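Come and read along with me.

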Amino acid sequence: MQPMPNSADLAASDHLGTAKNLAAAIDRATTVKAVIFDVDGVLTDGGLYRSDDGQEFKRFHSADGLGIRMLHDTGVKTAVITGRESNVVRHRCKELQIEHV
């Protein structure tokens, strides 16, 4: 009969499994060529904001923009899809150098 592992043995085993999973995930990630994002509720908070004169506003999170720039830095192409025509979205995509809108 094998002795029961102690908590240190289990922790070391967990870290080894985590490291292997991370290495496998990194290997898979290097094969990604493009990422396509929806806009409303993905790159925005999902709300639609309108002024009294009907002008539309959307709230984008700056961390999403940083992530998209990081993707570009690694050669990954990005695109957005949306069910609504929006100058706000076109402007944000131009800022982030997303070519396919």
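**Entry 1: after helix α2.** I looked up what follows α2 and found G75, whose phi is positive, near 90 degrees. Helices here are DSSP runs of H or I with at least four residues, strands are runs of E with at least two, and both are numbered from the N terminus. Helix α2 covers residues 62-73, which is 12 residues. I read a reach of 17 Å from its first C-alpha to its last, close to the 16 Å expected at 1.5 Å a residue; the expected span is 1.5 Å times one less than the number of residues.

**Entry 2: ground rules.** I noted that this is a predicted model, in which local features need pLDDT of at least 70 and side-chain atom pairs count only at pLDDT 80 or more, while totals for chains, interfaces and linings use all residues. Residues are numbered from 1 along each chain as its sequence is written, and side-chain values use heavy atoms, with hydrogens and water left out.

**Entry 3: the whole chain.** I found three helices and four strands. Read from the N terminus on, their order is α-β-β-β-α-β-α. Buried residues make up 19% of the 101 residues in the chain. I use buried for under 20% relative accessible area, exposed for over 50%, and partly exposed for in between, with a 1.4 Å probe and protein chains only. The accessible surface comes to about 7800 Å², and 56% of that surface belongs to carbon and sulfur atoms. Those areas come from the Shrake-Rupley method with a 1.4 Å probe; for residues, only the protein chains shown count as cover. I also looked at contacts, meaning heavy atoms within 4.5 Å. Of the contacts with a separation of 6 or more, 57% are between residues 24 or more positions apart.

**Entry 4: helix α3.** Which residues of α3 are buried? I listed V89, R92 and C93. Seen down the axis of α3, these buried residues fall within an arc of 100 degrees, so they line one face of the helix; the arc is taken from the directions from the helix axis to the C-beta atoms. They pack against α2 and β4 (77-81). On the other side of α3, I found N87 and K94 exposed. Just after α3, Q97 takes a positive phi of about 60 degrees.

**Entry 5: V88.** I placed V88 in helix α3, which spans residues 87-95. With a relative accessible area of 24%, V88 is partly exposed. At the start of α3, a side-chain oxygen of S86 reaches to within 3.2 Å of the backbone nitrogen of V88. Leaving aside neighbours within four places in sequence, V88 is in contact with E56, K58 and F60. V88 and E56 are 32 residues apart in sequence, yet 7.5 Å apart in space, C-alpha to C-alpha.

**Entry 6: K58.** I found K58 in the loop between β3 (56-57) and α2. Is K58 buried or exposed? It counts as buried, at 11% relative accessibility. Not counting residues up to four places away in sequence, K58 touches D40, T44, L48, Y49, R84, S86, V88 and V89. The side chain of K58 makes a polar contact of 2.5 Å with the side chain of D40. By polar contact I mean a pair of N or O atoms within 3.5 Å; within protein, one must be able to donate a hydrogen and the other to accept it, and residues adjacent in sequence count only if both atoms are side-chain atoms.

**Entry 7: salt bridges.** How many salt bridges does the structure hold? I noted six, each one a side-chain nitrogen of Lys or Arg within 4 Å of a carboxyl oxygen of Asp or Glu. One of them joins E56 and K58, with the closest N and O atoms 3.4 Å apart, and E56 is buried, as is K58. D40, R50, E56, K58 and R84 are linked in a network of salt bridges.

E85 and R90 meet in a salt bridge of 3.0 Å, N to O. E85 is exposed, with a relative accessible area of 67%, whereas R90 is partly exposed at 39%.

R92 and E95 also meet in a salt bridge, at 3.0 Å, N to O. Both lie in helix α3, three residues apart, about one turn of the helix. R92 is buried at 17% relative accessible area, while E95 is partly exposed at 37%.
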